[in-house]
Amino acid sequence: MFDNVQAVQRANGIRPSEKLSCALGAVELDIEMETGTGKTYVYTETIFELNRRYGWSKFIIVVPSVAIREGVAKSLAATERHFAERYGKRIWWFIYNSSRLNELDAFASRNDISVMIINMQNFNKSFKEGGTTKEALRMFSERDDFGSRRPVDVIAATNPILILDEPQKMGKKNSATRKAMQQFRPLFSLNYSATHAEHHNEVYALDALDAYNMRLVKRIEVKGFEVRGMRGTDGYLCLQEIKVSKDKPPVAVIEFTRQLKSGAMKHQTRRFNEGDDIYVASGELEAYRNDFVVDEIVPDQPGVLGHVRFRNGEELRCGEVVGDSTGGDLRRVQIRETIKSHLQKEEWLYERGIKCLSLFFIDEVAKYRLYDEDGNQQLVEYGRIFEEEYAAAVHDRLSAPQIGDDLPGSYAAYLSRFTPDMVHKGYFSVDKKGHAVDSKTKRGSEDSDDESAYDLILRDKERLLSFDEPTRFIFSHSALREGWDNPNVFQICTLKESGSETSKRQEVGRGMRLCVDQNGDRQDANALGEGMVQRVNLLTVIASESYASFVDGLQKDMRAELRERPRKVDAALFVGATVSNGAGLTTVLTKEDAQEVMFALSANRLIDKDGAPTERFREEGVQAISPDDVGEHLSDFLPAIEKLVQSVYDAHALDDMVENGLEAKAASNPLNANFGKREFQELWERINVKHAYTVHFDDEELRHKAIDHIDRDLTVSHVTYRMVTGGQRAEADVDQLADGKHFEVAHTETHDLASEGPIRVRYDLVGEVARRAGITRRSAAAILSGMSALKFRLFRDNPEEFIAKVGDAIVDEKATMIVEHISYNKLDERYDSTVFTEDMPETLSRAYHAKKSVQDYVFPDGTAAESVERRFAEDLDAADEVVVYAKLPRAFKIPTPVGGYAPDWAIAFRRDAVKHVFFVAETKGSMSSMQLRGVEQAKIACARKLFNEMSDADVRYDVVDSYETLLELVR
């Protein structure tokens, strides 16, 4: 059996198992199938085939929830005639009910194919030996109607085949549930899932990548939204989750508004411990000043969401959002875009006889439906917005008639049949009064308690697909609930925060199945043709976050759950590989060597046309290769080449050939012999003196220039949203997902978002501007009062950005003035050589191994292989004129009124080669001063003044963009 399992694995491109898994019968076989690809159909057909080939007739299907149980039952009923026509027989099946034990007796005694379906909750109640529940007592007691036998023994005597649907949700290897299954004495077990948590003997794999490339699921299109120009006045907070670990206190993951250095606002997510201050994390936004210090973090409790309490008494629960002034407007935009996508797609699908559905996932029922004192339903917020936007969209379409609109049965006639209140419906849990309520999700589970809602949508699934049913837009509270994956869902809109506990694949999973037409026929490649499948089956996700964020998360989720794909033998496997002959001689295989090896492997049928090692290779290795098949220089290395081929299917084949390439080659970066060279010591003696500066300028002149600057250039952001739309590429591969390139942007749009409400935060405007600009309150007040009234009114639009930009404008004007009035004086202090070795980078990944530097490694800014500094260092090493140089450390600073300035390089040239032997350089990607801010220009101007005008040390300074520019300056 083990040989057969391995043969099947090799045939299906799966790494062979090292042993048989026998915990549930003779073998446990894993079948991986992507969600929406027809898993239930496949194991139903498997039941018929096992019966046809081997006569086996007893099967137990175990599922993790009532929802999946009902879905399986519905599938068996729906495909009964189909399989009867194919196999000439039918399955007798039933759902296990402890009060109907006679069905167990029939299961054991019937001669036809018998199938029992049981969900895990019923299983755990009934099949716990020694249990005290009435279900367990019935199962493990001898009963007269079972011939004085125990029902569990009657089942076990049939040696049923177990089919586990989603086994990862049924407990781990030694869990009570899996141990209880052993009581059935199963012949063997089949495990079907898209995401196996534990692996046994996998014999087939169809993951997300396979399913997409085989056109078995819908193609995904994403519309994401980025809000720009946010204000920092609203105190926005969202508690996304509370992380709990065994050995650490709970940590709160909170999204908040943070002010960037430019003054712009950005939502940011980070972890907070008790005692952490939102005000500090935000960049000291006034909205968080009122003691928003995390005082207590309380994790989720049974039936109660976790929360964070701040020192000011405010409390924030998991998933709750406060201070989101743009949230309501953005939700309207999401609803509008969902309706727009729906109607555009629906008109085309309608002509093909395909009903189009859209699914909204919301954070709480109360935002869609409320009840008055008499229990009457009232439509609120989301429901009201939907009806307004739907009515407007339909009006726009009907106001622009198209050819054929006046014909009976046209799409225009279809649109006109239903009013806005008829086309949407909510499916929620229902309380004892019949009122819709939020469903609850058990901690650590994807299953919610909304069975009543599930039953309703399941019962209506076929009716929902009919054009006679007006409902086309569905609002639901439970985004992860199985059974919501109606095949004709073409839009999914998430009107809620997407917490980190919700994977992007789970969010889109409810709409991945291929659609069906009015006859129930699946619209796959057989029905449509290869080229049309992705055009018809397009799922549009209207995300509650930016396009980049959603797509990045979705691709990571997809990549994390992909099966391990077998590598293939090709030339790239050999080129550059170092091989040994076992006697101490090694060689590096060239491209020509690789071509020779590939020819020999193919000619001797050791690899197949796809590059997979054949059975002959596994049995004989490279013994079949004769000396004439490869060059003489390779014949001694064939054993090592054999191991390279084995590495395609054996992860340990190269264990004795590979050294650790990640081992650190240098633990420090000390000064080397170049530091002691006479030329560098002379240069170092000239530049390591510390300085102090004095500067005097007219305050009134600064005020006038600052006011002119502000009146001329000041702008602040207005709230807009940018919608980015993109979709999956036609074909997908592992490298695309790993590189985040499986999706590509199609187009973008930018629109104004509705105006925001009043500002409720009080500001010390004069004090904030004075602090930002480093001036007195008197000067700040004079500048604010002197600016134009039109510019001053911008404060109301975006206070935080107004303060930041006014402050920066004053600093820029101050920077341009100080250069004319600054003077430097030498101090008695000097930098010593330890300044070079005080800070070491965490890794050497950016390191350039230098020749003429005073340290072995230079760490250029930017990407090591492409940066200006990397090329500059390489040129310094290659230049005959250069004797020695140093990449100056950040701690080596020249003081300026606008902050310390650290130049990049100190260089000593050969005296007979250049005019200026000693040079301090700043490297920039561009020589244009227009691309530098006033502060940066001022720092550079101060350095020029110090070295080129005031110093008597014969050291020159300037900004360069290459070594060629430097050489022109020193000659």
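Colleague: Among contacts in the chain between residues at least 6 apart in sequence, what share joins residues at least 24 apart?
Modeller: This is a predicted model, in which local features need pLDDT of at least 70 and side-chain atom pairs count only at pLDDT 80 or more, while totals for chains, interfaces and linings use all residues. Residues are numbered from 1 along each chain as its sequence is written, and side-chain values use heavy atoms, with hydrogens and water left out. A contact means heavy atoms within 4.5 Å. For the contacts you ask about, the share that joins residues at least 24 apart is 71%.

Colleague: How many helices and strands does the chain have?
Modeller: Both are DSSP runs numbered from the N terminus, helices being H or I over at least four residues and strands being E over at least two. Counted in this way, the chain has 36 helices and 36 strands.

Colleague: What percentage of the residues of the chain count as buried?
Modeller: A residue is buried under 20% relative accessible area, exposed over 50% and partly exposed in between, with a 1.4 Å probe and protein chains only. For the chain, which has 971 residues, the buried part is 51%.

Colleague: Is E166 buried or exposed?
Modeller: E166 belongs to the loop between β5 (161-165) and α9 (176-181). Leaving out residues up to four places away in sequence, E166 touches K39, P64, I68, Y192 and S193. Because its relative accessibility is 12%, E166 counts as buried.

Colleague: Which residue has a side chain joined to that of E166 by a polar contact?
Modeller: A polar contact is a pair of N or O atoms within 3.5 Å; within protein, one must be able to donate a hydrogen and the other to accept it, and residues adjacent in sequence count only if both atoms are side-chain atoms. The side chain of E166 takes part in such a contact, at 2.5 Å, and its partner is K39.

Colleague: Which elements give two or more residues to the lining of the largest cavity?
Modeller: A cavity is a set of points, on a 1 Å grid over the protein atoms alone, where a 1.4 Å probe fits but cannot get out, and lining residues have an atom within 4 Å of a point. The residues lining the largest cavity are T44, F48, L76, T79, E80, F83, R90, I91 and W93. The elements that supply two or more of them are α2 (39-54) and α4 (80-87).

Colleague: On which side of α26 do its buried residues lie, the same or opposite ones?
Modeller: In helix α26, residues 678-687, the buried residues are F680, L683, W684 and I687. Because they cover an arc of only 100° around the axis, taken from the directions from the helix axis to the C-beta atoms, these residues of α26 lie on the same side.

Colleague: Against which helices do the buried residues of α29 pack?
Modeller: Helix α29 spans residues 765-773, and its buried residues are L765, G767, E768, V769, A770 and A773. After α29 comes G774, with a positive phi near 70°. The buried residues of α29 pack against α30 (777-786), α31 (789-792), α32 (794-797) and α33 (799-821).

Colleague: Is R605 buried or exposed?
Modeller: R605 sits in the loop between α22 (591-603) and α23 (615-620). Although R605 is not a glycine, its phi is positive, at about 55°. Because its relative accessible area is 56%, R605 is exposed.

Key. On a 1 Å grid over the protein atoms alone, a cavity is a set of points where a 1.4 Å probe fits but cannot get out, and a pocket is an open set with protein on both sides within 12 Å along at least five of seven lines; lining residues have an atom within 4 Å of a point.
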